[in-house]
Structure formats: structure tokens, C-alpha cells
Amino acid sequence: MKLLLSIIMTTFISTTIFCQDTMLCMGSYWTEDEANLMMKKFESEWNDVASWEKRAKRIKQGIIAGMQLDKMPDISGDFNEIITKNQVMDGYTVENIALESFPGFYITGNLYRPIGNKEKHAAILSPHGHLENKRLTIDVQKRCAVLARMGAIVFAYDMVGYGESNQVKHKIPIALLLQTWNSKRVLDYLISLPNVDPERIGMTGGSGGGTQTFILTAIDDRIKASAPVVQVSAHFFGGCVCESGMPIHKSKNHQTNNVEIAALSAPNPLMLVSNGNDWTRNTPRIEYPYLQKVYALYNAEHKAENVHLPLEKHDYGFSKRSAMYNFFSHHLKLNSRNVPYSDGYKEDFVFIFPAEELKVFNEINPKPNNLLQGDEAVMQFLDISLKE
Ligand SMILES: [Zn+2]
């Protein structure tokens, strides 16, 4: 017992010193009690649109500076997309696709498109959380195919260091930057497509995909509707280097948390999906009321939703997907009637591909030969150092 206490105290003290030294706010940086008080403190710092927007601007600048987004190469276009397969399914198609994120560094993914409609389409970015080959799993295939059949062009892409994105390790110190940059490039690409309506762009992901969703939405107003799932929390800052490994939450000029980062989407439509078993368990009492106060400044309370599922756990399962289908169907003007419905959406029209069939690269379709390979090569190319 004494040993356990000692380990806990040592961990607590070293974590505290670490955070103070580096400005990083990682994992459960605050207790739930502390987070509740901090939300009250944050709220005391604004009382109208002007004072909120002043705070919002400071937070946005803190995020961008904290992840060193301004150090990325100044490129536009030049996606050099590689499409190695296109399969026609029941009401949608699936392409295996890679984009060049910056010279020598590739985003690997699948592009799901609706069939049989020549009008402009909504587009939805679909990042994912921490599971090897998550992009290729059944639940990601289902949610992308359903949204495509409803009329959206959906891009599912690998987390850095997961699936086919194996040029660097996931724990590379700049993972947060690389993932945000990849998302921005996917957004650039979708908007460049001639049949995408830039006024109807959405983004959704669960867990670490939720983090990617609220971070890009906060700093890029081209995302018009956003659904981060099981991740926005007042006390939990994300446990991985790709979520909190760069000082986006705290600097000499700002201190914030993921609730305020999500609130930067105001007054665009936002839906938090939360559950009773992880760091989102307090959402109806702590996180969502704060968002409602921000949205009220714009008379947009109806555009910030919370679907709380107290009997569920940390996943992006059927009930969570169903809430998201309704949210995007409404806000991005999708046609939900294209998907069978009887006591709930019927996803069984979705053909579940074996993982190998959704991969961009294989023996027949080798990777390009200009790849930057390894953490060091990428860090050197970008000329980014984490030391002050
Ligand atoms: Zn991560």
C-alpha cells in the first residue's frame, strides 16, 4: 500500500512538474472537480459576442502556434492522387486512394461516393481513433457507405502511423501536427472536386477521430457541421501524443480545454455524442451547458446538440452512428430516405470488404518511390524542432 501510494505521488508530482515545464496538458490533466471549477472560470471571462470572440481568437492562435501549423510547407493543390481501385456497390462506390500531403508524405484512404446523382454533393471527412487498421473495420465501412448512399462524398483516412500510413511511427512527437495537416489536405482535396458543394462540408470521428474532428473544425471554418464522438471532455485532454503531445491547450497567452476548442465551431452546427462509461460521462451536466451558453450568444442554441447514451461505452456503434446520420442529414441536406429504415436505419445493404481489398498499395500497386521514410526523415524535411 505504501509502495503504491509512493508510486502514485511520484507520478502525480512528476506529471505536474512536466506539465508546468512544458505547457503540455496531457490525459486527465485535471480532476473532474478541478475541471468543473475551471469551466466556471472560463465562463467568467466572457459575457457577450465580442468578449467571447476575443477569447476564441486567442484560443485559436494558441492551437495554431502550439502545433506549429505555420511551419508547414506553403503548398496548394498538387495532390498527386493515386487511385488504385474503384468498386461499384449498392448505391455507392468505393475508391482506394492516396494523396500527397506534402512532398514525399502520403495520406492513405478510401473515398466513398454516391451513385446516380449529377447535382453537387455534400462532403464529409471521416478520421478514426486508435486501433490498427481501424479505417478498414466494419463500423467505419458502414458509416461511410451509409452517408455516401444518402448523397455525401466521404473520405475515410488512416491516422498517422496506423494502417497503411506507415512512413512514421504514430508516437512521432509531431503526430498532432501531421494529423491536423493531413485532415486539412483531405479538406482541400474534397473542396477541389468539381461536384462538391463547399457550403456543405462535415466532419466526424470517434475517440481520437473525435479529437481530429474538433481540432480541425476549430481552426478551419470551411467545416460547416461537426460531430466529434465520445471525446470532448472538460477534464480529459486526450491520452496520446497525437491529441495532447504539443502545447495547444496552454501557453503564456492562453489556457483552455477541449470543450472550448469544440466551442470554436459556434455558430456552425455541432453534435457531441457522449456515453456513461468514459470521460464524456458528465457531458449533459458540464460540457454541453458550456457549449449552450456560447451558442446562445449567437441565438443558435438549436445548432449545438448532445446525444448522451448513459447505458453505452466508448465506441462509435450503431446508435451513435444513427444519431450522426440524422444530424448530417438535416444540416448537410442529405437524402436519408435513400437508406432503408424500419425501427432504425438498416445498414445491411453495406458490403463489408475484406481489409486487403480496401488497401491502396499492394504488390500490384506499389508505393511511390519518393517516400520520406522514418520519423527523422520527416522531421528533417519539415525542419521542425520541439525545443524552444
Ligand atoms: Zn494517437
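This is a predicted model: local features need pLDDT of at least 70, side-chain atom pairs count only at pLDDT 80 or more; totals for chains, interfaces and linings use all residues.

**Entry 1: zinc site.** I asked which protein atoms hold the zinc ion as donors. I found NE2 of His130, NE2 of His170, SG of Cys240 and SG of Cys242, at 1.9 to 2.3 Å from the ion. The angles among the four donor atoms run from 104 to 119 degrees, and the site is tetrahedral. I wrote the sequence spacing of the donor residues as H-x39-H-x69-C-x1-C. His130 and Cys242 link distant parts of the chain, being 112 residues apart. I placed His130 in the loop between strand S4 (121-126) and helix H4 (138-149), and Cys242 in helix H7 (residues 241-244).

Cys242 is buried, at 4% relative accessibility. His130 has a relative accessible area of 30% and is therefore partly exposed, since the buried class ends under 20% and the exposed class begins over 50%.

**Entry 2: H3 against H6.** At what angle do the axes of helix H3 and helix H6 cross? I read roughly 115 degrees for H3 (residues 49-66) and H6 (residues 208-219), with the axes coming within 10 Å. The crossing is left-handed. On the H3 side I listed Lys60, Ile63 and Ile64, and these meet Ile215, Ala218 and Ile219 of H6. Sorted by class, this contact has five nonpolar residues, one charged and no polar.

Entry 3: I picked Ile59 in H3 and Leu216 in H6. Ile59 is buried at 2% relative accessibility, and Leu216 is likewise listed as buried, at 2%. Setting aside neighbours within four places in sequence, I found Ile59 in contact with His254, Thr256, Glu260, Ile261 and Leu264.

Leu216 and Leu187 are 29 residues apart along the chain, and their C-alpha atoms are separated by 9.6 Å. For Ile59 and Phe327, 268 residues apart along the chain, the separation is 27 Å.

**Entry 4: Ser329.** I located Ser329 in helix H10 (residues 318-331). Is Ser329 buried or exposed? It is buried, with 12% relative accessibility. Not counting residues up to four places away in sequence, Ser329 touches Leu334 and Ser336.

**Entry 5: backbone.** Most residues other than glycine have a negative phi, and most peptide bonds are trans. I looked for departures from this and logged three.

- The peptide bond from Ala266 to Pro267 is cis, with omega near 0 degrees. I found Pro267 in the loop between helix H8 (258-263) and strand S8 (270-275).
- Gln68 is not a glycine, yet its phi is positive, at about 60 degrees. Gln68 sits in the loop between H3 and strand S1 (82-88). Its relative accessible area is 13%, so Gln68 is buried.
- Lys333, also a residue other than glycine, has a positive phi near 55 degrees. I placed Lys333 in the loop between H10 and helix H11 (375-382). With a relative accessible area of 63%, Lys333 is exposed.

Key:
Residues are numbered from 1 along each chain as its sequence is written. Side-chain values use heavy atoms; hydrogens and water are left out. Axes are lines fitted to C-alpha atoms, for helices over the stretch in contact, and angles run from 0 to 180 degrees between N-to-C directions. Helices (H or I, at least four residues) and strands (E, at least two) are DSSP runs, numbered from the N terminus. A crossing is left-handed if the near helix is turned anticlockwise from the far one by less than a right angle, and right-handed if clockwise. Contact means heavy atoms within 4.5 Å. Ala, Val, Leu, Ile, Met, Phe, Trp, Tyr, Cys and Pro count as nonpolar, Asp, Glu, Lys and Arg as charged, and the others, Gly among them, as polar. Donors are N, O and S atoms within 2.8 Å of the metal (3.2 Å for Na, K and Ca); water is not among the atoms, so sites may look incomplete. Four donors count as tetrahedral if all angles lie between 85 and 135 degrees; four count as square planar and six as octahedral if opposite donors are over 155 degrees apart and all others between 65 and 115; anything else is irregular. Buried means under 20% relative accessible area, exposed over 50%, partly exposed in between (1.4 Å probe, protein chains only).
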